[in-house]
Amino acid sequence: MALKLTFAGKFKFLIWITTVSGISVCCLAFLIFAFFSMRAQTYEEKVSIGEIIADNLSAAVAFDDAASALKILKSMKADSEIALASLKLVSGETFADYVSEQGASEAVKLRSIALSDNIFHPNHISLKNKVSFEGKTLGTLYIVSSLDPIWNILRQYILVCILCLFISSVVLHFLSSLMLKKLIQPIIVLARAASDISTSKDYSIRAEIENTDDEISLLKNCFFEMLDQIQKEIAIRKKTEDEIKHAKELAETFSYSVSHDLRAPLRAIEGYTNVILEDFQDKLEPELRENFNRIIAGCGRMNSLIEALLSLSRIERTQVKSEEVNISAMIKEIDSGLRWIYPDRKVEFSFVANAKVKADPQLLKVALENLIGNSWKYSSKVEIAKIEFGINCVDNKKIFFIKDNGAGFDMAYSNKLFGAFQRLHSPREFEGTGIGLATVNRIFERHGGKIWAEGAIGKGATFYFTLPESMD
Ligand SMILES: Nc1ncnc2c1ncn2[C@@H]1O[C@H](COP(=O)(O)OP(=O)(O)O)[C@@H](O)[C@H]1O
Ligand SMILES: [Mg+2]
């Protein structure tokens with residue numbers, strides 16, 4: 001499990017590790033220095049003792065008095081550090097030998113140290129002194145001195161160093177806590193304020209931070225200035241949004257009431273024209289009758305336009321529901337309806353079965369009726385129309401599409417497709433109001449989805465759309 005440290009924790013750890021490393025290096029340097037200086041001192045002491053003893057021994061060796069030589073060697077007992085003193089004659093024979101009480105257990109080791117060429121050993125110093133009488137070398141005095149006292153002192157020094165480290169860690173803890181209060185606390189307060197702002201989206205939150213005339217104050221001032229700016233921009237955006245919303249509501253009410261109110265006079269024109277046609281059927285000139293029929297056809301077109309406009313404004317007013325809808329079944333039902341209306345059309349229809357989405361069933365049906373209706377309409381001049389409903393998966397997201405092999409359209413005008421009253425085909429080619437795709441676009445927008453199209457003249461069109469996975 002990774003240990004997560006707070007900023008304050010990291011800061012404290014950094015101070016601690018820096019200080020402890022510094023103190024440790026100093027302690028180590030001190031211990032090394034102490035060891036070497038104590039060892040050098042011991043060496044010098046033992047060298048002078050060795051010289052004195054070697055001098056004293058010369059007479060005993062010259063007169064072959066081993067008992068006196070041993071007595072002189074034993075006099076070294078007074079120096080507890082001397083573990084072994086051995087006098088060897090030039091012939092290699094041991095003349096006198098002394099091993100201290102402490103050294104008795106490791107006498108063999110001490111003898112091999114005495115004979116080695118090195119002076120310094122991990123726990124001992126070995127010295128050699130010539131024993132001569134009247135200029136003639138009679139033998140060699142080997143002295144092995146223990147370094148145990150130095151190691152004991154060093155052990156005590158190490159304990160003192162550890163104690164120092166412990167005490168400085170405790171002092172450091174208190175000192176860094178104090179420093180934290182002054183130095184880090186403002187940053188922590190600022191970070192908490194930033195976190196509160198981002199969760200609550202309340203840009204008026206400000207943290208109480210003392211002015212310290214340093215980078216932290218600069219950070220605080222810049223942060224608060226940014227918040228002021230954001231607040232101002234939000235206020236402006238909200239005002240603009242409110243204005244747009246208000247204008248949209250006005251336009252919706254206007255278009256709804258105009259469309260609604262236009263129906264009655266339109267019905268009157270259509271009705272009275274029909275009455276004239278029926279009442280004066282025989283008396284009317286054929287040309288006049290034709291004109292009256294044009295008026296009725298015009299009224300019919302205007303009626304479809306009004307219906308389409310009313311349907312568009314109804315979409316704005318409807319609350320969008322979120323239910324599971326079997327979109328495949330819905331499309332199949334719409335297709336069956338169209339087959340019933342146009343029994344003579346040859347349309348090959350293929351679709352992905354059982355595709356499910358979360359959407360408002362009524363609104364989705366209106367959108368699909370428009371899309372499938374368009375596919376049928378714009379492929380009506382093709383011998384065998386082919387319409388397909390499918391799904392592409394891109395980045396784990398479903399993109400639905402409805403494709404046909406009809407008249408297609410010029411991609412250069414594709415941005416106009418979804419605008420109200422925008423048509424890329426003339427009424428002579430294909431009848432229509434130009435409101436269908438505007439309605440479809442609005443329906444997908446209100447679901448939080450998207451619609452776009454691809455096509456080419458004479459090569460059919462494909463309408464792609466997405467719906468959010470969940471609308472809750
Ligand atoms: N499947 C399609 N194939 C070719 N063009 C299409 C297709 N669907 C829509 N369009 C083009 O987009 C325009 C707008 O469509 P729409 O809003 O449904 O109006 P309408 O169908 O009443 O003309 C159509 O006039 C047509 O030019
Ligand atoms: Mg249409």
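User: Is α10 mostly covered or mostly uncovered, and how many of its residues are buried?
Analyst: Helix α10 is mostly covered, with 10 of its 12 residues buried. Buried means that 20 or more other C-beta atoms lie within 10 Å of a residue's own; exposed means 12 or fewer, and partly exposed is in between, with C-beta atoms placed from the backbone. This is a predicted model, where local features need pLDDT of at least 70, side-chain atom pairs count only at pLDDT 80 or more, and totals for chains, interfaces and linings use all residues. Residues are numbered from 1 along each chain as written, and chains are lettered from A and ligands numbered from 1 in the order written.
User: What covers the buried residues of α10?
Analyst: The cover includes α7, β7, α9, β10 and β11. Helices here are DSSP runs of H or I with at least four residues, and strands are runs of E with at least two, numbered from the N terminus.
User: And what follows α10?
Analyst: Gly448 does, and its phi is positive, near 85°.
User: New topic: at what angle do α6 and α7 cross?
Analyst: Their axes cross at roughly 155° and come within 9 Å. The axes are lines fitted to C-alpha atoms over the stretch in contact, with angles from 0 to 180 degrees between N-to-C directions.
User: Where is Tyr43?
Analyst: Tyr43 sits in helix α1, residues 7–62. With 14 C-beta neighbours inside 10 Å, Tyr43 counts as partly exposed.

Definitions and conventions. Two residues are in contact if their C-beta atoms, placed from the backbone, lie within 7 Å.
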